[in-house]
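Please look at the sequence and the 3D view before reading on.

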Amino acid sequence: MTERPEPGPAQPAARGGAVPSGALEDLVVVSIAQNLPGPVAAARLQGLGARVVTIQPPSGDPLRHQLPELFEHLHRGQEVLSLDLKSDEGRERLEGLLEGADLLLSSSRAGALRRLGLDFASVHPRHPGLCQVDLVGFPGDHADRPGHDLSFQAGAGLLDPDRLPRTLSADMHGAEQAVSAALTLLLSRERHGTRGPDGRWASGGGHEQTALSEAALDLALPVRWGMTGPESPLGGASPYYRIYPAAQGHVALAALEPHFVQALVGLGLDPQGDVPEQLTWILAERTAQEWEDWAARAGAPLTALAEPVRPGPSTDRPESGAP
């Protein structure tokens with residue numbers, strides 16, 4: 001029997017609605033992905049209009065145990081089911097959901113998917129119109145190699161010794177790449193797939209594997225090409241692209257273009273003198289927030305350093321499509 005999820009509240013599209021929020025309306029995503037990247041990708045797809053059914057094991061998603069508020073944040077408006085996919089009953093229930101789904105999203109290693117009969121080679125003959133995106137740590141023949149965000153950033157050259165990264169960049173970028181892969185597959189099915197007499201897709205389902213290690217390598221492109229090296233303006237060689245202390249807090253100055261420098265000249269800066277020392281003295285005269293207010297009026301690229309803030313009921317900003 002085909003199962004369809006109950007409609008949930010529509011979520012706003014991310015990035016200011018660059019993609020229409022209803023672009024994936026009437027499409028169904030079944031996610032068996034856990035931890036961070038998969039749920040972020042699923043929430044992003046939900047933000048584009050898809051209905052999402054999340055399957056978690058009886059033991060629960062590790063994210064739910066570690067950060068229950070974040071789990072709820074990412075799964076708001078979704079149907080969350082607890083199924084034992086190692087049992088006949090759990091697999092039968094999942095099969096019913098897949099019959100009515102457009103996309104299967106996973107984050108298990110390749111071997112685990114094969115043992116569950118949920119690798120694409122096994123799923124596609126049963127559901128030829130179903131698209132599938134698998135989030136893995138490493139690509140191709142290395143898809144069974146374990147790893148986490150720290151592993152991927154380390155391998156891409158994004159880490160400094162003795163300091164952990166402030167955010168999970170590979171996980172977050174990998175989630176966005178998974179969304180791109182999903183959209184590509186769905187578009188390809190729309191163009192080349194066929195529907196059966198019942199109106200459901202009878203062919204055209206495709207498969208993409210998104211490796212988080214590859215996502216980290218993509219993020220490292222500016223580093224590999226020396227764009228952020230010490231001799232580069234973006235790496236500290238330019239005094240106009242630095243972080244400076246203010247009377248309270250710090251500010252990030254990014255005045256690379258000459259017309260932005262002119263705004264600083266209006267504050268008394270002499271571009272022919274010792275620019276770093278002058279900027280240190282000038283920017284120490286006001287608080288970071290006061291400088292940001294000034295920059296908004298002057299049209300200058302200067303921003304106060306902020307601490308990450310959890311979204312509140314009236315200030316929710318979708319995170320990669322998350323509610």
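Helix H8 meets helix H9 through Ser169, Ala170, Asp171, His173, Gly174 and Gln177 on the H8 side and Leu212, Ala215, Ala216, Asp218 and Leu219 on the H9 side; contact means heavy atoms within 4.5 Å. The residues of this contact comprise 5 nonpolar, 4 polar and 2 charged. Here Ala, Val, Leu, Ile, Met, Phe, Trp, Tyr, Cys and Pro count as nonpolar, Asp, Glu, Lys and Arg as charged, and the others, Gly among them, as polar.

The model is predicted: local features need pLDDT of at least 70 and side-chain atom pairs count only at pLDDT 80 or more, while totals for chains, interfaces and linings use all residues. Residues are numbered from 1 along each chain as its sequence is written, and side-chain values use heavy atoms, with hydrogens and water left out. Helices (H or I, at least four residues) and strands (E, at least two) are DSSP runs numbered from the N terminus.

**Helix packing**

H8 spans residues 169–192 and H9 residues 212–219; their axes come within 8 Å and cross at roughly 105°. H8 is therefore roughly perpendicular to H9. Axes are lines fitted to C-alpha atoms, for helices over the stretch in contact, and angles run from 0 to 180 degrees between N-to-C directions. Angles under 35 degrees count as roughly parallel, over 145 as roughly antiparallel, 65 to 115 as roughly perpendicular and the rest as oblique.

H9 also packs against helix H7 (residues 149–156), at an angle of about 45° and with the axes 8 Å apart. H7 and H9 are therefore oblique to each other. The crossing of H7 and H9 is right-handed, meaning that the near helix is turned clockwise from the far one by less than a right angle. In this contact, Phe152, Gln153 and Ala156 of H7 meet Leu212, Ser213, Ala216 and Leu217 of H9. By class there are 5 nonpolar and 2 polar residues in the contact of H7 with H9, and no charged ones.

**The sheet**

An open sheet is built from 6 strands in the order E3-E2-E1-E4-E5-E6, with parallel pairing; two strands pair if DSSP finds at least two bridges between them. Its edge strands, E3 (79–82) and E6 (207–211), each pair on one side only. On average, neighbouring strands are turned by 20° against each other, direction ignored. E5 (residues 131–136) pairs with E6 over 5 bridges in the parallel sense, and Leu135 stands opposite Thr210 in E6. H8 lies across E4 (103–106), E5 and E6, and runs at about 160° to E5.

**Single residues**

Which residues does Gln153 touch, leaving out those up to four places away in sequence? They are Leu158, Leu159, Pro165, Thr167, Leu168, Ser169, Ala170 and Ala216. Gln153 lies in H7 and is buried. Asp26, in the segment before strand E1 (28–31), has a positive phi of about 75° although it is not a glycine. Asn35, in the loop between E1 and helix H1 (37–47), is likewise a non-glycine residue with positive phi, near 65°.

The table gives relative accessibility; buried means under 20% relative accessible area, exposed over 50%, and partly exposed in between (1.4 Å probe, protein chains only).

| Residue | Relative accessibility | Class |
|---|---|---|
| Asp26 | 61% | exposed |
| Asn35 | 35% | partly exposed |
| Gln153 | 4% | buried |
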